[in-house]
Structures are given as structure tokens and as C-alpha cells.
Amino acid sequence: MDSCDVAVIGAGHAGIEAALAAARLGCKTIIFTMSLDAIGNMPCNPSIGGTAKGHLVREIDALGGEMGKAADAAFIQSRMLNLSRGPAVHSLRVQADRWKYQLEMKHRLEHQDGLQVVQAEIVDLLDDGNGTVTGVVTHLGARYDCKTVIICSGTFLKGMIYVGEYAYSSGPDGLHSADKLSAAIQRLGIPLRRFKTGTPARAKKASIDFSQLEEQTGDDEIIPFSFETKGELKNQVSCYMTYTNANTHKIIMDNLHRSPLYGGAIEGVGPRYCPSIEDKVVRFSDKERHQTFVEPMGLDTQEVYLQGLSSSLPLDVQLQIYRSIKGFENIEIMRNAYAIEYDCIDPLDLLPTLEFMSVKNLYGAGQFNGTSGYEEAAAQGLIAGINAAHRVQGKEPFVLDRASSYIGTLIDDLVTKGCNDPYRMMTSRSEYRLLLRQDNADKRLTPLGYKLGLISQKRYDEFLEKQKQIEDEIHRLKTTSIRPSDELNRMLEEKGTSAITSGCRLADLIRRPQLTWKDIAPFDEQSPQLSTEVIMEAEIEIKYAGYIDKQMAQVEQMRRLESCALPQDMDYGEIRGLCLEAIEKLNRVRPLNLGQASRISGVSPADVSVLVIWLEQRRQMQARQGEKNND
């Protein structure tokens, strides 16, 4: 029997980050995967990032995680989304070479000190009979003693593939499903439920008439995901867009009775924000068309993803759908679309550390926790890996709050509010999104990553130098004046803003919505040579200073509530004045503090006031008891 400090079940995006974090923090770690060839697999799309998801990737990198570095290494195209809107919602999205991304992650796992990579299916969990997990068992009967276990099973738990009338046991991309681990989880008293997701078809690139599609090129100025990536990244491919039409929708509606989703065969709840094409046509019947994206799977393959066309309809219907779309008239399908149903947990069973409330030393991350998306999975994996290592080492739990990060928002949403369908991160989920921009993820989180031990001294020194450059430039812009000139005023008028008649602070010009740092630089004789990221952050801090200050005040108020800890071993039914729903929800979620309690659905402001009074009475009673004991 072998042993380890941390055992990670699954080598998808959650498992990778969990295993690397635990090993880098000094724990002997083993990561188990059903196939070494599927490490870091990308079955749903060949991209990393997107709206809000790009924020998560940059935060993972800022803490010392790996996803951003691998995405940069496998980079083939990059676009910054939402540039027509404010900086709070700017999000990076990278098309990655799928095979190169997988090889990058496999290489990083194999070369990590303290980490063992094992191809094996975990079929059982060992425990001490008192609610503490102690090990795992493989399908070949090998037993491993483990101090902590992290389940990152993705969509493999009792995975069931649906294509029309056909259904069969399988994981994604034809891999074996994990059929026995579910029983072991339930034996520990953890209830499971069924969710489902879909995967689009892969087509042969040469069979598509790209002349009829809209080309989407990458950005001219490329910002990497990782703050550590050096050197220039170059776009190597284009993506393309086309649309469904009335004929497409008619084919779908005529064959809706053959869909397992609408025929009742699929019991699992699907993703609200990434539905199948048949679901979109039914739910949004007023829309005349839906977008479809053609995304390359890599540089050395003819396979392309038909993004936006995930489906569980029969093969013959799928082909009719595709060939009804402009540019796809002669399309050849290499891998059909399918729906996959799988077991997962209710995240309300978890603590903010992602440890189970009812089973000590057992953690969950990724789609196992009820989320969707590579980025959401990786973020949870990183936090679970850190906390599992801290549990082994006797250190304090590591919990990010909502004001620190999208990662903190994601986990707080899961363990406080739960989810009734696969959870997807969106910028609208954060009440502090102007503070949680993708450009300042390092400012918010790299000091924490350094303190944890996941950020090197060299990288931390570079981070400090960057922050100094930003602060120096903000100070310079606020204290440096520019005189009016014909050329300057001509530029101002061309930009749609008023000319200046006397000396003006550079910061005052930058505050104008029509102007940027780069617009003013040609007229700024002292303009320094700075990186794009330094310029961007300095400009945002100046333009949005008033709004940022308001959000900081809201954060301080929230953190005052967060500082009021709630006992974890009490029955809320004993507190007079709480409504019945609040009692039920508080006993279910077991909030760590007043802040978390205030965000629970069903807990009203009046209930929070009752808790505030109860805590103060409890504090006074404990103080009197302490005085009595001292006497």
C-alpha cells in the first residue's frame, strides 16, 4: 500500500491545479486519471477564457496557478472581449491548440517535484468510520493511504452519452465513465444529483465554404493570460461565424420528438447559459437566427468545432441541421455532437474551503461541485489544493472573499446560494466588478500567492516593480501640466471634446471619456516608455477613481460583517426572532460569519439584525463569565 498527503481524483482542469498547488506547497501528492492521454482535455471548446472566465484565468495565474501559462504556450489566437464597454467587463479569450495544451499540462504534471501521476480509476473511498476520509482504492484493488482527498471527477461520474434514441455509458470523447465512485461517495452520506451538458460536433475544415462565413481575426495588440509570459505572441488562425436560419429551425422543430432532452430520457439539469441548439430554438422562438462559430482545434489537424450547435438529436438530424446553414452545405462531420449526463453534488454541502461539512479531509472541485466551464473548474481546483495542503500541514484555511476576486465570488455563490443548474461565472455576479478587473488581478492576488509560497521571489520582485511604475505614473499624471497648442486643441476637437485655453493637468485630460493616455502621449514631452499593462492600469485608476472609491466603501462595510464570526456547532432554532425559512437555511449552510449569512437566499435583513443582537448578547455574556472566572 502506497501513501500520500493529498490524493487528487481526476486530471481535468480542476485536478491539474489542485495537484500542482498541493505539491508546490510541499505535500506528497498523487493525481489519478483514467487516461494519461486525457490530461487537460478540452471536449467542449478549444478556448480558454471569455467573459468573466478570462478574469478567473488571470486570477488563477496571479495566485501561482498554471492555466494561464499553458494557454499562452498553446496560443493560436487572442481577442479581448467587450472592448466597447467599460474596463470592468473586458475579458480575454484565447483559442488554444487543443493537443498542445494537453501536452503542456501533462508535461507540467510529470515534471513537478513531489507529484506522482498515476493512470487508474478510483472506485472506492476509505474512511475511519467516524466521518474522516483516509484513503482511496483503484479498480485493480490498489489501496492508497491519504491524509486528504480531492474529487475532481468532471463529467465522468456515471457518465451517460445521449445521441437521439441511443444512450450508453461513457465519459466525454469516448473515454470510460466512472461508474463505481458514486456509490462510495453516497456511502459516506453525501447525496448526489444529475446534471447534463452538451458537446458540439467537430467537422472537417476542408468541407466548409469559408467564403460564405464572416471572418473573426485576432487582436492587433495581444495581452497574454499569464503575468509571467515574456515575448511576443502572434495570431496564427482566424475563427469564423455564420448563422442558423428558418430552415434550420424547422428541421429542429420537426424532429424535436426524437430529442432525448424533450423526450424525457435525460433527467439531468442542463446549463442555463449554454443551451443546446434545440433548446435555444424552443426557448427563444422569437429569434430568427442563432450564431454559430467555427473554431480550429489546432494547427496540425483538420478538425474544427461548430461552437453554438451542441445537440443531442440523432445523427441524421444533426447532419440536416448543419447542411442547412450557410457555408456548411457540404460539411463532413468527424465527431458528432452529444449530450452527457453525470453525477455531481449540491455545493451547499461544502465549506468555503471546498471541504465537505459532513466528511473531514474530503474536498470537491469543478463540475463535481455543480459548475460548468474549464475556468470555473481550475479556480476551484487551485483553492481546494491549497486548503488540502494547509489541512495536512496544520495551517489556517485559505478563503478569498467576494471583494478580493471572482474566485471568491464563485465559491461564495456555490457554498452560500447553491445552484439548481450548472453554474457559470458572469461579471454580473460580482457587486464589486469595477475593483475586480482582469488587468489588476496581480495587484489583488499576487501578494497572497507569494505569502502562500506559490509565487517565486523573482516574480514577486517584478510585480513590485510594476506596481511602482503604475503608482509613479499616476502621481506624474496628477502633478504634471500641459500647455495649450494648436496641435493639441486640434486633436481634442477631433476626439469630440473641448479645447483648452490654459495649462491643464494631464490627469484631468485623461478623465475625459473621449481621451486615452495614448491620445495625449504625443503632446506629453515627459511621457515615459511604459508597458501596455502599466498604461492601462494607471489610466483606469485615474478615469474611474470616484467609482472605485465608492466600491471600496461598500467593501469596508461588507468586511465588517465578515469579521463577525458565527459558531459552527449551534442550532439556529434556539435563536428567538428568526423566521422559519432563515432557521432552515442557516442550519443547512452553516455560514462562517454574518456577511455570508446575509447572502443566503431566505435570510432577510431583519434576520441579520436578529443575529447581530444575538452575537452582541453572546459577547456580553462571555465577557461576564470571563470576569467571574477571573474573580
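User: Let's start with β4 and β5. In what sense do they pair, and over how many bridges?

Analyst: Strands β4 and β5 are paired antiparallel, over six bridges. Two strands count as paired if DSSP finds at least two bridges between them, and the elements themselves are DSSP runs numbered from the N terminus: helices are H or I with at least four residues, strands are E with at least two. Please keep in mind that this is a predicted model, in which local features need pLDDT of at least 70 and side-chain atom pairs count only at pLDDT 80 or more, while totals for chains, interfaces and linings use all residues. Residues are numbered from 1 along each chain as its sequence is written, and side-chain values use heavy atoms, with hydrogens and water left out.

User: Thanks! Which residue of β5 does M80 stand opposite?

Analyst: M80, in strand β4, stands opposite L92 in β5. The C-alpha atoms of M80 and L92 are 4.4 Å apart, although twelve residues separate the two in sequence.

User: What does M80 touch, not counting residues up to four places away in sequence?

Analyst: Contact means heavy atoms within 4.5 Å. With that rule, M80 touches H90, S91, L92, D219, I223 and Q438. M80 is also buried, at a relative accessible area of 11%. The scale is simple: buried is under 20% relative accessible area, exposed is over 50%, and partly exposed lies in between (1.4 Å probe, protein chains only).

User: Which other strand is joined to β5?

Analyst: Strand β3 (residues 47-49) runs antiparallel to β5 and is joined to it by three bridges. One to look for is G49, whose bridge partner in β5 is R93. Five of the six residues of β5 are buried, so this strand is largely enclosed by the rest of the structure.

User: Now the charges. What is the count of salt bridges?

Analyst: A salt bridge is a side-chain nitrogen of Lys or Arg within 4 Å of a carboxyl oxygen of Asp or Glu. By this rule there are 51. One of them joins D124 and R187, at 3.0 Å from N to O. This pair links distant parts of the chain, with D124 in strand β7 (residues 122-127) and R187 in helix α5 (residues 181-187), 63 residues apart. Both ends are partly exposed: D124 at 26% and R187 at 46%.

User: Where do K443 and E541 lie?

Analyst: The side chains of K443 and E541 meet in a salt bridge of 3.9 Å, N to O. K443 is in helix α12 (residues 441-452) and E541 in helix α17 (residues 532-543), so the bridge ties together parts that are 98 residues apart in sequence. K443 is partly exposed at 42%, whereas E541 is buried at 19%.

User: And how many residues apart are E462 and K458?

Analyst: E462 and K458 are four residues apart in helix α13 (residues 457-479), about one turn of the helix. Their closest N and O atoms are 2.8 Å apart. E462 is partly exposed at 32%, while K458 is exposed at 58%.
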